[in-house]
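Let's go through this model together, one feature at a time.

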Amino acid sequence: MSKKILVMPGDGIGPEIVAEARKVLDFLAAERGLDVVIDEAPIGGAGHDAAGHPLPEATLEKARAADALLLGAVGGPRYEKLERHLRPERGLLGIRAELELFANLRPAILYPQLAGASTLRAEVVAGLDVMIVRELTGGIYFGQPRGIETLADGQRKGFNTLVYTEAEIERIGRSAFETAAKRGGRLCSVDKANVLEVSELWREVMERLAPEYPDVELSHMYVDNAAMQLVRDPRQFDVIVTTNLFGDILSDAAAMLTGSIGMLPSASLNASGQGMYEPIHGSAPDIAGQGKANPLATVLSVAMMLRYSLSQSAMADAIEAAVGQVLDRGLRTPDIAAEGEATVGTAAMGDAVVEALAASD
Ligand code: IPM
Ligand code: MG
């Protein structure tokens, strides 16, 4: 039976980069027998424009019915003045929560061709291959109570709640242990157990799970140290598991180690294997519509989709190889170009990936 894919371009550079990823999907469907039905729906600011809400009911309905979702990016200056519950980010957070996409896999891999694009010395990042497993539907992003209140003395107070149940910790822990077992067998759990009770419980649950995964070596690290270690010696890590907010921060840092945030895909999975796939970069309104955004993170997100939700790991491998080839050929969007190097635009990069794919087999 055909698998259903829902494509949600979103805002800013979202539509441009998603268009390139679609070229790859359409090629695989037309030429390689990938059996998919592809639909599109608005989300974020585009959702607000189309239906008055960042996560329109019709989009959510289609999302629930899809096997896999491809998202571009959400957000932009046009929407910053909207009330909080109508802002584009609420669409993204809403769909993560509604589909219970609790396990966010964010690989940071350095392509050898781009070693010179990292702000760190090449010998520190060469061969970098870290997987961050970020909890995505709990923690301080969703904890209640939250809000801004006015106190008796007239000043205002803002507050959020950091909360994790044992069940929430256990399920992200299991995803992380399983991920580590399939990779290098080393799992580093990042917390702030020297200060936060939630982290104490987090650490305890990770320890309790460890004996069930004898092939995985579990270690713990405080988040401040982890941030430092990531930029000091990032190759010490294999898999990192952490909370929603810590994962948000550490994954941006890890992304930059690879030279450009424009290269990194992500997968957000729920318990039934349904997944949403998106580049980890944002909507980059400053370059939107100029045809110079890097589509490779979105193309690589399609590879993750094929691997994790569509059981097509050979096609996923082929896409990743094709990306390697276009980099070998020296094609660079501005974000990954060294100083003075010639650059190509978004569409040319997407076309080159499809060309490389077509040349394989
Ligand atoms: C991310 C983004 C989102 C997050 C924003 C856009 C809500 O930064 O996916 O990392 O904080 O999760
Ligand atoms: Mg982020």
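Q: What is the volume of the largest cavity?
A: A cavity is a set of points on a 1 Å grid over the protein atoms alone where a 1.4 Å probe fits but cannot get out. Its volume is the space filled by probe spheres set on the points, with points joined across faces, edges and corners. Here the largest cavity comes to about 40 Å³, and the count is one cavity of 30 Å³ or more. This is a predicted model, so to speak plainly about its limits: local features need pLDDT of at least 70, side-chain atom pairs count only at pLDDT 80 or more, and totals for chains, interfaces and linings use all residues. Residues are numbered from 1 along each chain as its sequence is written, and side-chain values use heavy atoms, leaving out hydrogens and water.

Q: Which residues line the largest cavity?
A: A lining residue has an atom within 4 Å of a point. In this case they are Arg106, Pro107, Ala108, Ile132, Ser251, Ala254, Leu264, Pro265 and Ile280. Strand 4 and helix 9 (244–257) each give two or more residues to that lining, and strand 4 gives the most, with three. Helices (H or I, at least four residues) and strands (E, at least two) are DSSP runs, numbered from the N terminus.

Q: How many residues line the largest pocket?
A: A pocket is an open set of points with protein on both sides within 12 Å along at least five of seven lines. The largest one holds about 690 Å³ of space and has 27 lining residues, with Leu105, Met131, Thr179, Met304 and Tyr308 nearest its centre. Helix 6 is the top contributor, giving six residues.

Q: Where are the domain boundaries?
A: Bounds like these come from an automatic or database domain assignment. Domain 1 covers 1–102 + 270–361, and domain 2 covers 106–269. Their centres, taken over C-alpha atoms, are 23 Å apart. The contact (heavy atoms within 4.5 Å) takes 31 residues from each of domain 1 and domain 2.

Q: Which residues have the most contacts inside the largest nonpolar core?
A: In soluble globular proteins, nonpolar side chains tend to be buried together. A nonpolar core is a set of buried Ala, Val, Leu, Ile, Met, Phe, Trp, Tyr and Cys residues joined through side-chain atoms within 4.5 Å; buried means under 20% relative accessible area with a 1.4 Å probe, protein chains only. The largest core has 86 residues, and Leu28, Phe177, Leu187, Met263, Leu306, Ile319 and Val323 have the most contacts inside it. Its largest share, eight residues, comes from helix 10 (residues 296–308). A second, separate core of 16 residues includes Leu55, Ala63, Leu69 and Leu99.

Q: Is strand 12 paired in the parallel or the antiparallel sense with strand 11?
A: Two strands pair if DSSP finds at least two bridges between them. Strand 11 (residues 265–269) and strand 12 are antiparallel over five bridges, with Ser268 opposite Met276. They form a hairpin with five residues between them, and Gly273 in the turn has a positive phi of about 85°. Strand 3 (residues 68–73), by contrast, runs parallel to strand 12 through three bridges, where Ala68 has Gly275 as its bridge partner.

Q: How many residues of strand 12 are buried?
A: Five of its five residues (275–279) are buried. Gly275, Tyr277 and Pro279 point one way, while Met276 and Glu278 point the other.

Technical notes: Chains are lettered from A and ligands numbered from 1 in the order in which they are written. Buried means under 20% relative accessible area, exposed over 50%, partly exposed in between (1.4 Å probe, protein chains only).
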